[in-house]
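These are my notebook entries on a protein structure that I was asked to examine. I record what I looked up and what I found.

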Amino acid sequence: MSLPKTYSTPRLVSSLLNRICKDELLEEIEGDLFEHYQTLRSKNPKWKANIYYWFHAFHFLRPFALKRISQNSNFITMYRSHIKFAWRNVLKHKGSTGINVASLGVGIACFIFIFIYLKGELSYDKFHQDSDRIYRVAIDFVDGTGRRLPDATTPPALAPALKSEFPEVESSVRLYPSWGSKFLIGANEESKFYEERFLRTDSTFFDVFDFKVLYGQADGALDDPSQIVITKSMAQKYFGREDVIGESLTIYASENRVLNISAVLEDVPGNSHFKFDFLSRITSDNIDQNWGWFNYYTYMKLVAQADIQNMETRLQPFYESNLRPAEFYNIIYSQPITDIHLRSNLKWELEANGDINNIYIFAALGIFVLLISCLNYLNLTVAGSLRRFKEVGVRKVFGAHRQALVGQFIVETLLVTIIALVLGSLFSEFLFVNLSDILGKEVSLLQPENTIVFLIIAAMIIAIGLIAGLYPALHLSSFKAANAVKGIFKNSGKSVLGLRKVLLVVQFAISAFMIFGTIAVYQQLQHVKNKDKGFGPDQVLVIENAESVANQDVLKNELTKIPSVAQAGISNGIVGGLNWTTGIGYPDQFTMNYVVIDPDFVEAMDFELIAGRNFSKERPTDTEGLTMIINETAFTELGISLEDLEKEIPMARQNDSTTRNGKIIGVVKDFHFTDYKSSIKPFAFFYRQEPMDYLNVKISTENVSETLRAIEATWSEVSNGAPLEYFFLDQTFSDLYAQESRLSSILLYLTVLALFIAAIGMFSIANMTIKDKRKEIAIRKVLGGSVSGVSNQIIKKFIVLVLIANLIAGPIAYFIMQNWLDGFAYRTSLSVFLFVVAAGSTLLVAWVTVGAQSVRAAVSNPVKSLRAE
Amino acid sequence: MKGTQLGEFEELVLLIVGVLHPEAYGLNIREEIISQTKRKVAIGAVHSSLSRLQEKGFLKSELAEATHERGGRRKRLFNITATGKRALEKNHELRNGLFNQIPEIALKGLNFGGI
């Protein structure tokens, strides 16, 4: 008779049970589990059955089933003794344990902080469910001279055409942001606010993107142009509650529009590359065939398993087939949505981007600081354990095996590292609370998504603890007990001393490197800050909603009557912020940035006319066509001479290949209007007599608050109830180097920290060295050595190490910072000064930490050191 | 005396051992508990309870023949001892006695589902 087939149980479980369960119970336990497993397997898939099996096996971890571990078990007794000795050692060397724990803890905290920060930066746009299939399509302009001008914006016709012509495209959507203008939105007369985060889009928005819907349905939320989707905090702001489906909001514009709220979303996550509070339909008509405007963002979601590489090759022909022959130069391409935040950085990004290079820098810094503190710990532990040679000898005499010795050391190092881990985690929580600005969100290690970070760091630290314990343990336990007891270890100690030196050199090399880098970044920041911007953005107040005043001339006149207001000029953009572009140049066209202004603007912003004249209100021709004031770069780019000013010259090509004439009336000195990574581009001013968004007011430096009050009073007289919204222009400029500012301050903190940890390390090592050499010092003194001679002898050794560290770090730092600076069109130069400071400060730290101790050792009475034997 | 009290779960296990007589062993006791009481219990919990009952002297056990479906391992079959029987009876009497002492008015006063 053949027996029915049985399923065999996971082997690991049996062996575990074998080990932990009482022998007399094992048979029935295993039997029951085996029998149960047969039932499970017949009803469930294997993996599920295995999980249940594990669950039940796990439930035998109960006192009744476990093998008795008696009080007299060798294992337990030994570990108790290890822990007791470890604790005694911790208490005996309070100082060095404190230093160990503190430096390791600080390193851990920094690493955790940087890790979480980077995790946030790298998580951008990954919250969309199919983020790997969502792409943005961008079109770079290519001008007549062949230069490529990266640009994120695309024509409105692109999205619908992509969907209809590419089978790979599952859905496509356009975004149309507010382009800097503000919308007056109200729920009723009482609650009206100006809003900027107003995004217009297509009904397919939720087919491509995933934002969490709290109330209402994502499907059909934007089917009708009369619908609007808002975020939770906007619902609170306007209605005081969250479930506001069916309520309506009014957009006050030339004609008021009433929109019905169709869905309420969770607030847009901080790691989305575009943020919004309001979402409604694009209302412009006849744009689906428009290939000429560049003011929409195009996104597409591909079908699963679509080949983006293949599609990419067909994009350019597809784009060109939709254009007239004259416009062939632009280049179309796609970018994964998850790359936009860190790797894109085109003109007109929806939000300032991060930079992948800074991510690398931060990652390197985090690793550096952790490395320094771990090396420090290793070094101190190894050095400290050498002094326990006799203890090891005695242990061996009493019959300790190598295993027991290793256990002893490891228990000790693990005790210290675990204390450091706990303190470091607590400290990182403290950092999260105090530096939440940098992270831009509330973070805690206790959040489930961050447990993994904690586990990684815990694993690393415990590994460090093991290494730190293992090395001295194996090393010390390898000697003969007799020698150990006698204290004969001079020969054997050599390799450890060598290691000690190497570790010190590495620590100081990293410190020197970081000092060098910090100063270089700081210098670059200062260079950029102090750079002549070519005009005067200081003390310029920009009123953002000037268009809400019907008669801007009256407003300007009234404002300039205030004594502390020097001048006020209107514009449709912000220098250093929002500007527009057009194609200019004949025969070769290039991209000209421009804003439209009035004549007072030039004076209000302190632009320096180096040739020609300003616009004039008396000359009506100044407001016509391509009459403009340009900057020097544009002047050179046009290839004209000063004689051409005020003359009609060919300026641009029309689509039908006729030329269009224009007139240059003035040239201003070059000025900065983008970040300092790119060089100054051509810029032009046009003059139109029409109301515009921005009023730029130059005020005097004295009594700013009083001036502001006067401006507000004037504003309220003419503004018809609209609130005054303004900012200072120099703020816009400091935003241009915000990234470098942040980098500079983080670098500074971390460098101080790294240097501090390295100094601690050197201090302790010097301390031990001097203790070991007490007799040598005493004998030298007895034989007539001077205090300075004896202490110099000790200091010299450490100074040499620091010099070596600098020799290693200097060239590497120089090379890397040179590379970093190459990313800037306007950059400072690296001078010898940097090397001097890096070397000087590390040497100073070494000198101070070692010097004081060695002098103290040298002046002490030699009898005290010698009488012990 | 400490150790001779019957816990709630222990009493349940003891009763089930009686119900399944003479074929009661770990796994089928668990299955019976699940099917009778709808309580989810791990095999380990049942074993733990059985071993405690045996220590207290309420159960005795012997090993049966090895069977194929248990991978050639023997079952431990459990039986209620005289002490076990007495403990069950004592519990039963105590409960009944107490229940009978509840005045009728108290039960009437209880609102069973809002009649």
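**Entry 1: the model.** I note at the start that this is a predicted model. I keep this in mind for every value that follows.

**Entry 2: chain B as a whole.** I looked up the elements of chain B and found five helices and two strands. Read from the N terminus, their order is α-α-α-β-β-α-α. The chain has 115 residues, and buried residues make up 37% of them. I also looked up how far apart in sequence the contacting residues are. Among contacts in chain B with a separation of 6 or more, 50% are between residues 24 or more positions apart.

Entry 3: I checked the peptide bonds here and found a cis bond joining B:His21 and B:Pro22, with omega at about 5°. B:Pro22 belongs to the loop between helix 1 and helix 2 of chain B.

**Entry 4: helix 2 of chain B.** This helix covers residues 26-37, which makes twelve residues. From first C-alpha to last it reaches 16 Å, close to the 16 Å expected at 1.5 Å a residue. Which residues of helix 2 of chain B are buried? I found B:Gly26, B:Leu27, B:Asn28, B:Ile29, B:Arg30, B:Glu32 and B:Ile33. I reminded myself of a general point: an α-helix has 3.6 residues a turn, so residues three or four places apart point the same way.

I then asked what covers the buried residues of helix 2 of chain B. The cover includes helix 1 (8-19) and helix 3 (43-55) of chain B. It also includes helix 2 (23-43) and helix 3 (46-58) of chain A.

**Entry 5: the contact of chain B with chain A.** How many residues does each chain bring to the contact? Chain B gives 21 residues and chain A gives 21 residues. Together the two chains bury about 1,900 Å², and 57% of this area is on carbon and sulfur atoms. B:His47, B:His68 and B:Arg73 supply 29% of the area that chain B buries against chain A, more than any other three residues.

I next looked up the polar side of the interface. The count of residue pairs in polar contact between chain B and chain A is ten. The rule finds five salt bridges across the interface. I looked at a salt bridge between A:Glu27 and B:Arg74, in which the closest N and O atoms are 3.1 Å apart.

Where does the side of chain B that touches chain A come from? Helix 2, helix 3 and strand 2 (73-80) of chain B each supply at least two residues. Helix 3 of chain B gives the largest share, six residues. By type, the residues on this side of chain B divide into seven nonpolar, seven polar and seven charged.

**Entry 6: two backbone angles in chain A.** I looked up A:Asp125, whose phi is positive and near 60° although the residue is not glycine. A:Asp125 sits in the loop between helix 5 (94-122) and strand 1 (134-142) of chain A. Is A:Asp125 buried or exposed? With a relative accessible area of 0%, A:Asp125 is buried.

A:Gln305, also not a glycine, has a positive phi of about 65°. Its place is the loop between strand 12 (297-302) and helix 9 (308-321) of chain A. A:Gln305 counts as exposed because its relative accessibility is 79%.

Note on methods. Residues are numbered from 1 along each chain as its sequence is written. Chains are lettered from A and ligands numbered from 1 in the order in which they are written. This is a predicted model: local features need pLDDT of at least 70, side-chain atom pairs count only at pLDDT 80 or more; totals for chains, interfaces and linings use all residues. Side-chain values use heavy atoms; hydrogens and water are left out. Helices (H or I, at least four residues) and strands (E, at least two) are DSSP runs, numbered from the N terminus. The expected span of a helix is 1.5 Å times one less than its number of residues. Buried means under 20% relative accessible area, exposed over 50%, partly exposed in between (1.4 Å probe, protein chains only). Contact means heavy atoms within 4.5 Å. Buried area is the accessible area (1.4 Å probe) that two parts lose on being put together, summed over both. A salt bridge is a side-chain nitrogen of Lys or Arg within 4 Å of a carboxyl oxygen of Asp or Glu. A polar contact is a pair of N or O atoms within 3.5 Å; within protein, one must be able to donate a hydrogen and the other to accept it, and residues adjacent in sequence count only if both atoms are side-chain atoms. Ala, Val, Leu, Ile, Met, Phe, Trp, Tyr, Cys and Pro count as nonpolar, Asp, Glu, Lys and Arg as charged, and the others, Gly among them, as polar.
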